Amino acid sequence: MAELKDKLRADLSAAMKERDTAVTGVLRMALAAVGKEEVAGKQARELTDEEVQRVLSKEAKKRDEAAEAFRGAGRAEQAEAEVREAEILRRYLPKPLGDDELAKLVKDAVSEVEAELGERPGMKQMGQVMKAANAKVAGRAEGGKVASLVKAELAS
């Protein structure tokens, strides 16, 4: 059973006892999203911690996008509420990688693919490099940022 899911449930219980409606609402939503993901597909299954993190990351990103949309519409109060919800969700996610750490992981992925191929990978092997880089990054950075760093590394 996913430890992260258990932690979400325990924190929900604690928030309910403390009558913290903001945290209670966000954790209920997060657990609902996890439950929905568990029953999605042909067969119901128990999510791993990594899969739960992916669901929470997706939900946090939705909150960021909603906050941006509210700001654009001049609705600052709703934007702040979405930002607060995203912050609550991020408590359960691993610390994002810094630019230097991410650049090093991309270089390592390029070196790894270079060792497999026996030559420096080019743009044609970007998929292989992305696969290796994403395995190393493990959801601690945005895919677009990883892709742009991989492109830059392969172009040089």
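The questions and answers below concern a predicted model.

User: How are helix α1 and helix α2 oriented to each other?

Analyst: Helix α1 covers residues 3-17 and helix α2 covers residues 21-39. Their axes lie 9 Å apart, at an angle of about 150°. Angles over 145 degrees count as roughly antiparallel. The two helices, α1 and α2, are therefore roughly antiparallel.

User: What is the handedness of the crossing of α1 and α2?

Analyst: The contact brings residues of α1, including Leu8, Leu12 and Ala15, against residues of α2, including Val23, Leu27 and Leu31. By class, the residues of this contact are eight nonpolar, one polar and five charged. The crossing in which α1 passes α2 is left-handed.

User: Which term describes α2 relative to α3?

Analyst: The axes of α2 and α3 come within 10 Å and cross at roughly 125°. Angles over 145 degrees would count as roughly antiparallel, and 65 to 115 as roughly perpendicular. An angle of roughly 125° makes α2 oblique to α3.

User: How many charged residues are in the contact of α2 with α3?

Analyst: Here α2 passes α3 in a right-handed crossing. On the α2 side the residues are Met29, Ala30, Ala33, Val34 and Glu37, and they meet Val52, Val55, Leu56, Lys58, Glu59 and Arg63 in α3. The contact has seven nonpolar residues, no polar ones, and charged residues numbering four.

User: Which element gives the largest share of the largest nonpolar core?

Analyst: This core has 21 residues, of which Leu8, Leu27, Val52, Leu56, Leu89 and Tyr92 touch the most other members. Two or more residues come from each of α1, α2, α3 (49-72) and α4 (76-90). The largest share is seven residues, and the element giving them is α2.

User: Leaving aside neighbours within four places in sequence, which residues is leucine 56 in contact with?

Analyst: Leucine 56 is among the residues touching the most other members of the largest nonpolar core. It is also one of the α3 residues that α2 meets. With neighbours within four places in sequence set aside, its contacts are Leu4, Leu8, Ala30, Leu89, Tyr92 and Leu93.

User: Is lysine 61 buried, partly exposed or exposed?

Analyst: Lysine 61 lies in helix α3. Its relative accessible area is 45%. Buried means under 20% and exposed means over 50%, so lysine 61 is partly exposed.

User: What separates the C-alpha atoms of lysine 61 and serine 13?

Analyst: Along the chain, lysine 61 and serine 13 are 48 residues apart. The separation of their C-alpha atoms is 25 Å.

Notes
Residues are numbered from 1 along each chain as its sequence is written. This is a predicted model: local features need pLDDT of at least 70, side-chain atom pairs count only at pLDDT 80 or more; totals for chains, interfaces and linings use all residues. Side-chain values use heavy atoms; hydrogens and water are left out. Axes are lines fitted to C-alpha atoms, for helices over the stretch in contact, and angles run from 0 to 180 degrees between N-to-C directions. Helices (H or I, at least four residues) and strands (E, at least two) are DSSP runs, numbered from the N terminus. Angles under 35 degrees count as roughly parallel, over 145 as roughly antiparallel, 65 to 115 as roughly perpendicular and the rest as oblique. A crossing is left-handed if the near helix is turned anticlockwise from the far one by less than a right angle, and right-handed if clockwise. Contact means heavy atoms within 4.5 Å. Ala, Val, Leu, Ile, Met, Phe, Trp, Tyr, Cys and Pro count as nonpolar, Asp, Glu, Lys and Arg as charged, and the others, Gly among them, as polar. A nonpolar core is a set of buried Ala, Val, Leu, Ile, Met, Phe, Trp, Tyr and Cys residues joined through side-chain atoms within 4.5 Å. Buried means under 20% relative accessible area, exposed over 50%, partly exposed in between (1.4 Å probe, protein chains only).
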